Amino acid sequence: MVDIPWEGIPNWITASTSFLTLVAAVFAGIFARRAAHWTRKQAEATDLQVDIARTALGVAEQDALAAQTAIDLQRTEADRSARAREETRLDSLAPIIFARAKPSRIINRAFLEIRSADGWTRVDDPVEVQGHETHIFRTNLILEFENVSENVAQVDIIDNASGETELRSGDALFISPRSSKELLWSRIVPSSVLHSDEINSPQNWLFNMTFWARDLGMNVRDSYRFNADLRFFDRDGSRLLVSPVPAIVWGENVATPLPGRVYERLDANG
């Protein structure tokens, strides 16, 4: 048998190649592991940067909201100050009304009247009306509106208290500065109403007329209301008892200013 010198070379080459492949695989694994480690670190760093950015954004949004709130408060305060200055200016235009209601003493319109065949007759003494009788009663007041300011006043009657005046519906009463005007107010009530429970209805015994006082430009409006007792009537069984004076006797009733001045044009433009 003859030995061939290069017969074992292929096996050696194969063995060497396998070893080198193993070494390369080991180094590849090491580098891959290192790469994975750095990739994870980079991912963690990126996540941290995102969190920081989110926190910064939240702080910026809060700062922006606080700034906007401060701006809104400043604007509101500026509007309130401007409104207060304008109200003060308009207050100088508002007329001031001193209004009084008094029992009518004029000849053809007594405080209380009854309708008869001869027309209206003043009631000076107590009257009894039986249930089967039908009569009509009329109450009359003199209303005096005195303008105690230096501004022309426009008086508008808003609630006529179930009565009427010489003013036509929708008309206003204009009063010059430091002067006054009078109106006659009347309310008619039939006895048929007074024989029922309606006798206790405020519309039949209470004088609570409401009116507005404005300047000519209708910038400022104040409300006033009277509150006078007109209980001339009472019931005793089927009889209606009529007194020539109310249950609570009074000689003059002064209208009371109601709270809440209205700045009409200012509110309309606001």
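Buried denotes a relative accessible area under 20%, exposed one over 50%, and partly exposed what lies in between (1.4 Å probe, protein chains only). The model shown is predicted, with local features needing pLDDT of at least 70 and side-chain atom pairs counting only at pLDDT 80 or more, whereas totals for chains, interfaces and linings use all residues. Residues are numbered from 1 along each chain as its sequence is written, and side-chain values use heavy atoms, with hydrogens and water left out.

**View 1. Strand β1 and its burial.** Strands are DSSP runs (E, at least two residues) numbered from the N terminus. Strand β1, residues 97–103, is mostly covered, since five of its seven residues are buried.

View 2. Two strands are taken to pair if DSSP finds at least two bridges between them. Strand β1 runs antiparallel to β7 (residues 136–147), to which seven bridges join it, and Ala99 stands opposite Phe145 of β7. With β17 (residues 253–254), β1 pairs in the antiparallel sense over two bridges, where Ala101 stands opposite Asn253.

**View 3. The open sheet β6-β16-β15.** Three strands, in the order β6-β16-β15, form an open sheet with antiparallel pairing. Because β6 (127–129) and β15 (233–236) stand at the edges, each with a single partner strand, one side of each is left without a neighbour in the sheet. The twist averages 25 degrees from one strand to the next, with axes being lines fitted to C-alpha atoms and angles running from 0 to 180 degrees between N-to-C directions.

**View 4. Pairing of β6 with β16.** Strand β6 and strand β16 (residues 239–242) pair in the antiparallel sense over three bridges, and the bridge partner of Val127 in β16 is Val242.

Notes. Helix = DSSP H or I, 4+ residues; strand = E, 2+ residues; numbered from the N terminus.
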